[in-house]
Amino acid sequence: MTTHRAGSGEHGEHRGSGQPGASGQHGEDGRGRAGARAGGLTAAEVAERVSRGEVNDVPVRSSRSAADIVRANVFTRFNAIIGVLFLIILIVGPLQDGLFGFVIVANTGIGIIQELRAKKTLDNLAVIGESRPRVRRDGRSTEVPTGELVLGDLVELRPGDKCVVDGEVAEADSLEIDESLLTGEADPVVKRPGDAILSGSFVVAGSGAFTATKVGSEAYAARLAEEASRFTLVHSELRGGISQILKYITWMMVPAAIGLVLSQLVVERHHADEAIRRMVAGIVPMVPEGLVLLTSVAFAIGVIRLGRKQCLVQELPAIEGLARVDVVCLDKTGTLTEGGMDVSEVRPLGGAEPDRVGEVLTALGAAEPNPNASLQAIIDAYPLGEEQRAGWRCTDTLPFSSARKYSGAAFTEPGGERSAWLLGAPDVLLPQGDPALEETGRLDREGLRVLLLARASGALDAPDAASAAEPVALVVLEQRLRPDAPDTLAYFAEQDVRTKVISGDNAVSVGAVAGKLGVAGAESPVDARRLPEQPEEMAQELEAHAVFGRVTPQQKREMVGALQKRGHTVAMTGDGVNDVLALKDADIGVSMGSGSEATKAVAQIVLLDNSFATLPSVVAEGRRVIGNIERVATLFLTKTVYSVLLALLVICWQVPYPFLPRHLTLLSSLTIGVPAFFLALAPNKERARPHFVRRVMRYAVPSGLIAGVATFVTYLLARHHYSGAGALSAETSAATLTLFLTAMWVLAIVARPYTWWRIGLVLAMGLAFVVVLVTPWLQDFFALRLVGTTLPWTAVGVAAVAAVLLEVAWRRVGRSFPA
């Protein structure tokens, strides 16, 4: 059924104090001010402004440009080092010692392709979730993309709308604007015709329209908004930790590389080419080039996977952040319940006539051009007929406010009588002890939502309007629970993520809804009006309880802050304008796609399909990314540590470096490169923890030291065992065997807990190495040939001792240096 209401239709007139007047005249420069006319700009005026370039053409990018992606993957510090070393090998040859260069090219190409795929996914999703403000043109209200706004457009405002350009208020109907995202002030500002509006603010109550006076790059928050909505790789503990590690490695590499160059030139003075090859072999494995690449690839694939589930990641670290979350604050309406409601029944109070109550509810519905979910349910139950349309005339309105908990309207009734009515929370409008509250409490315990219709005795905005109101009827609303909510909440419980239901509704009602969905602790809901104001005391209450009702928007923000001070990583979900402040301050803000423009603007993650059930996928994706990067980082940094150690040992002993570049390319591919790629993309449900660098290095350092010492011991034994022509090749082969077996044991440890595919991965890498050892042309290609039986078995024995030491070290490190 389609219901037409006075003043609320698409082309209906706006009530309130905003009338076209002075603000509708052209300014001295003839620009922009004509838009304040009630009908807005004409099509010709819009075309003229577009031709003059007076259009809001700030590019809102959801991702880095293709050029930025290529530049970030190609022009890196370590690619430059590897590139120079590759050119050196191309000069001195042979080509197989330059395999590491081709591996880097292939890896970089994979990284670029994956990030471009992620960019395409993000850009497509950003178009779906893009803000489309309503403007009045040629007397008609229409939605346009943000980039098509022009100077002078008359932009309409409704609760939850984000102001996308600067302007001047032309119409205002109890219009309240929140500028906290710009100024930090939490209190809404009442706007009247002629007042300035800044881009980046949003509407919390009332409605109106403003004339665009600054668009594009001239708008106040244009640059900030563009930066905030850009796909970014910054402010990430994971990437920051990797950068810190790379800085340490650079410091280690420089002296080791210089010493190695000089050492090999002295040792191999008659064979300069051989000295250069072995010097390159010593430097290349120090570079954990694949670590940065795999991080980018893992994040990019995470974005693509979530994009397929209609999840827009507005900031890349949000994936990582959700992996660290241990508390999720849920707004009930729109998250646990669906947006719509149904009027279950209306109970008149104090002998009020049902027909009279119906007339008042119909008039209240007709008086509000932008109804919330509760009022929309009343409008659907009490549609406006022709008789009411001609009879009741609205003279004043009080829009709903989350802080106030009620709305209202004043009328001149058909007989000329004047009346004012309030509709809102019974426990706010009624004094304590009122008999109606007992019935309200019973309905709340059933999970129903109850509104009180009361007649105001004075002005709507009078300080005592609520306390002096006369109760007339209870309006009982039935909320629609999301069918996917129980499974989602159960997932969080299984993953040791605590859920806090925070709502502006009655605490008992919220507790009943949470109880139906299986929230632990729902049986003891807390009325937020009784919460202590001190952050520490508030945090204690938040730790002890799970369900909170009658929470104001400012309290939501304070609750998030209190939990954060307790060391929690907090995610906040919401879809209404009352959630914006909390979403902004939470570690991760998650908005529904159907939520207000303001919530989508500040959230890092937008669930475009409005499915709460998508959230576990986001959490799981974050845990997969960060947990697996930690795994592979241990592999890469173990290689760096043993490479630096081998270089230092070679310098001290003044012996030829035991390996050629081709040997370490083979080892790196089989023990790190290939397995790391699969491990980085595998499922991982473990919650991410802080101190990434410390936790990775505490394993990588002892593992690298053990591998380096074991390899060098085998090398020294081989130097004493072999002599004559081909001795160095035999020594290298024995040392390679020890290093491979030791590195494989590190891989086996990192791959735990075992699954069938992880066991298969480790065995496949071992089999590949055996194939190289037994295939003649591969033996020649990689210069690997085990000579005799004594040293090969000695190499295996040394590796076995190293494996035992690795197991002891990993267990002892885990106990002595907990993360």
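Modeller: Start with one pair of residues. Aspartate 331 has isoleucine 502 as its bridge partner, and that partner sits in E16. Keep in mind that this is a predicted model.

Two helices deserve a look here.

How many of the residues of helix H17 are buried? The count is 7 of 10 over residues 507–516, so H17 is largely enclosed by the rest of the structure. The buried residues are Ala507, Ser509, Val510, Gly511, Ala512, Val513 and Ala514. Both ends have a local detail. At the start of H17, the side chain of asparagine 506 places an oxygen within 2.9 Å of the backbone nitrogen of valine 508. Just after H17 comes glycine 518, with a positive phi of about 85 degrees.

Arginine 557 and aspartate 585 form a salt bridge through their side chains, at 2.7 Å from N to O. Arginine 557 is in helix H19 and aspartate 585 is in helix H20 (residues 580–585), so to speak two distant parts of the chain, 28 residues apart. Are the two partners buried or exposed? Arginine 557 has a relative accessible area of 14%; the cut-off for buried is under 20%, so arginine 557 is buried. Aspartate 585, at 27%, is partly exposed.

Arginine 305 and glutamate 621 meet through their side chains, with N and O 3.5 Å apart. Glutamate 621 is buried at 8% relative accessible area. Arginine 305 is partly exposed at 31%.

Other charged groups are worth a glance. Glutamate 345 and arginine 347 make a salt bridge, with their closest N and O atoms 2.7 Å apart. Glutamate 345 is partly exposed at 31% relative accessible area. Arginine 347 is partly exposed too, at 21%. Elsewhere, salt bridges join Arg132, Arg134, Arg136, Glu143, Glu156 and Glu171 into a network. The count for the model comes to 38 salt bridges.

Now turn to arginine 662, in helix H23 (residues 661–680). With 7% relative accessibility, arginine 662 counts as buried. Its side chain comes to 3.4 Å from the backbone oxygen of phenylalanine 781. Beyond four places in sequence, arginine 662 touches Asp780, Phe781, Phe782 and Ala783, and also Pro94, Gln96 and Asp97.

Glycine 194 sits in a loop, between strand E5 (189–190) and strand E6 (196–197). Glycine 194 is partly exposed, at 43% relative accessibility. Apart from neighbours within four places in sequence, glycine 194 contacts Glu168 and Val169. The C-alpha atoms of glycine 194 and glycine 167 are 9.4 Å apart, for residues 27 places apart along the chain.

Last, confidence. The protein chain has a mean pLDDT of 81, and 89% of its residues reach 70 or more. Residues 1–36 stay under 50, although the model gives them 83 contacts beyond four places in sequence. Residues 224–234 are also below 50, with 27 contacts beyond near neighbours in sequence.

Conventions:
Residues are numbered from 1 along each chain as its sequence is written. This is a predicted model: local features need pLDDT of at least 70, side-chain atom pairs count only at pLDDT 80 or more; totals for chains, interfaces and linings use all residues. Side-chain values use heavy atoms; hydrogens and water are left out. Buried means under 20% relative accessible area, exposed over 50%, partly exposed in between (1.4 Å probe, protein chains only). Helices (H or I, at least four residues) and strands (E, at least two) are DSSP runs, numbered from the N terminus. A polar contact is a pair of N or O atoms within 3.5 Å; within protein, one must be able to donate a hydrogen and the other to accept it, and residues adjacent in sequence count only if both atoms are side-chain atoms. Contact means heavy atoms within 4.5 Å. pLDDT is the predictor's confidence in each residue, from 0 to 100. Two strands pair if DSSP finds at least two bridges between them. A salt bridge is a side-chain nitrogen of Lys or Arg within 4 Å of a carboxyl oxygen of Asp or Glu.
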